[in-house]
Amino acid sequence: MNGSILNNLGIDPFYIIIAQTILTIILLIVVIVCIFKIKKLYRRYDYFMRGKDAETLEDIIYNQMEDILELKSQDRANKDLIRINNKNMRASFQKFGMVKYNAFKGMGGNLSFAFALLDYTNTGFIINSVHSREGCYLYLKEVDRGQTEISLGSEEKNALEQALGYRE
């Protein structure tokens, strides 16, 4: 045995066998730990793939995608409705002012009134109702962007200023 490789290394073969045995035991422990981790992962995977009432994961994902597409179309429809409502709201009357007054002193009560109705662009009209013993008279004056072409009485001006937010 003079020509063996172990003799040429200068290391006792007993130490090499001990090192290999320790390395084998460490690798065996690592393999056992990996087997347990794989079994645990497989149980999780199996539970995940079973789903509810034996549905597969693919069916669940497909149903979720259908729901998402439906929600997107509903969202688009809702946004369109909101735009339409905003346009309608701007066109509707949303500002008003009212002043009650006694048109003819000594004829009894504040039965006359001036009422201003305006939309978002301050366009609308002023109704002036004058009450007297002989009857009730209504006058309508148009308002365009907060201005009128016809001169206004003091009550009508006050009603318009209330509608524009200048007065309370």
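**Overall dimensions**

Trainee: What radius of gyration does the chain have, against that of a compact globule of 168 residues?
Mentor: The chain has 45 Å, whereas a compact globule of 168 residues would come out near 15 Å. The radius is taken over C-alpha atoms, and the globule rule is 2.2 Å times the number of residues to the power 0.38.

Trainee: Where does the model come from, and what are the ground rules?
Mentor: This is a predicted model: local features need pLDDT of at least 70, side-chain atom pairs count only at pLDDT 80 or more, and totals for chains, interfaces and linings use all residues. Residues are numbered from 1 along each chain as its sequence is written, and side-chain values use heavy atoms, with hydrogens and water left out.

Trainee: What box do the C-alpha atoms fill?
Mentor: Roughly 145 × 45 × 30 Å, taken along the principal axes.

Trainee: And how much of the chain counts as buried?
Mentor: 14% of the 168 residues. Buried means under 20% relative accessible area, with a 1.4 Å probe and protein chains only.

Trainee: Switching to secondary structure: what pattern does the chain follow?
Mentor: Along the sequence, α-α-α-β-β-β-β-α. Helices (H or I, at least four residues) and strands (E, at least two) are DSSP runs, numbered from the N terminus.

Trainee: In which order do the strands sit in the sheet?
Mentor: The order is β1-β2-β3-β4 in an open sheet of four strands, with antiparallel pairing. Two strands pair if DSSP finds at least two bridges between them. The edge strands, β1 (95-101) and β4 (136-143), each pair on one side only.

Trainee: How many bridges link β3 and β4?
Mentor: Eight, with β3 covering residues 124-131. One example is F125, whose bridge partner in β4 is E142.

Trainee: What packs on the sheet?
Mentor: Helix α4 (residues 154-164), which touches β1, β2 (112-118), β3 and β4. Contact means heavy atoms within 4.5 Å. The direction of α4 makes about 150° with that of β1; axes are lines fitted to C-alpha atoms, for helices over the stretch in contact, and angles run from 0 to 180 degrees between N-to-C directions.

Trainee: Which residues of α4 are buried?
Mentor: E156, A159, L160 and A163. Seen down the axis of α4, they fall within an arc of 100°, so they line one face of the helix. The arc is that of the directions from the helix axis to the C-beta atoms.

Trainee: What follows α4?
Mentor: G165, with a positive phi near 90°.

Technical notes:
Buried means under 20% relative accessible area, exposed over 50%, partly exposed in between (1.4 Å probe, protein chains only).
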